[in-house]
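Have the viewer open and follow along.

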Amino acid sequence: MIDIRILDGEEARKRIPELALILKDCVNKGASVSFMNPFSLAEAIGFFTDIAEDAARNELVLFAAIENGRAVGTVQLQPAWNPNQPHRADVAKMLVHSAHRQKGIGQKLLSAVDIEAKRRGLTLLTLDTASDSPAERLYLRAGYQRVGIIPGFALWPDGGLGAATFFYKTLG
């Protein structure tokens, strides 16, 4: 059974090691999520330490997919803080540990993002992902609209430029 929950600052801090293992696994397996190999567990812990503090300050919403008491997936909802964009948020760092994929965890995380975004009065979600990736297909299935592709947008973790596809989703 997968439980999707929002982590407050305290729970996020407690789950830093679990979240860091998810990030390390994803980067080491080639996910283009801002980091380069070699990528250490210490770097992943540092990243999620910062994210836990952001969650504690309510600067973002940190979601976790919990299976058997451990985090196996995560995603962030990052509201835009610009005065002219109170209706918008970015969806970031959608990560599911490779041992837990193909179970619908990504879809459940995105559904939880939609529910929380609507609860907060947000009506527009945006994101980007590596082109031609399984994540791209997930976002399309979740109702996101493809805006376009930028070639050579970011480096793959092991080097070489990769394209990014940008998406948006309007919420009713």
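Predicted model: local features only at pLDDT ≥ 70, side-chain atom pairs only at ≥ 80, totals over all residues.

Does asparagine 68 count as buried or exposed? At 74% relative accessibility, asparagine 68 counts as exposed, where buried means under 20% relative accessible area, exposed over 50%, and partly exposed in between (1.4 Å probe, protein chains only).

## Ground rules

Residues are numbered from 1 along each chain as its sequence is written, and side-chain values use heavy atoms, with hydrogens and water left out.

Helices (H or I, at least four residues) and strands (E, at least two) are DSSP runs, numbered from the N terminus. Two strands pair if DSSP finds at least two bridges between them. S5 runs parallel to strand S4 (residues 88-96), with 3 bridges joining them, and alanine 89 sits opposite leucine 125 in S5. To get from S4 to S5, the chain passes through helix H4 (residues 105-119) in a right-handed β-α-β crossover; right-handed means that, with the strands pointing away from the viewer, the path from the first strand over the helix to the second runs clockwise.

S5 also has an antiparallel partner, strand S7 (residues 161-170), with 7 bridges between them. There, leucine 124 is bridged to threonine 170.

Most residues other than glycine have a negative phi, and most peptide bonds are trans. Asparagine 68, in the loop between strand S2 (61-67) and strand S3 (70-79), has a positive phi near 50°. Lysine 93 also has a phi near 50°, and its place is in strand S4. The peptide bond from asparagine 37 to proline 38 is cis, with omega near 0°; proline 38 lies in the loop between helix H2 (16-28) and helix H3 (41-56).

## Aromatic pairs

The structure holds 6 aromatic pairs, counted for rings of Phe, Tyr and Trp (its six-membered ring) with centres within 6.5 Å; planes under 30 degrees apart are stacked, over 60 edge-to-face and the rest tilted. Phenylalanine 47 and phenylalanine 48 have ring centres 5.1 Å apart and planes at 85°, so they are edge-to-face. Ring pairs link Phe35, Phe39, Phe47 and Phe48 into a cluster.

The rings of tyrosine 139 and phenylalanine 167 are tilted, with centres 6.0 Å apart and planes at 55°. Tyrosine 139 is in helix H5 (residues 134-141) and phenylalanine 167 in strand S7, so this pair ties together parts 28 residues apart in sequence.
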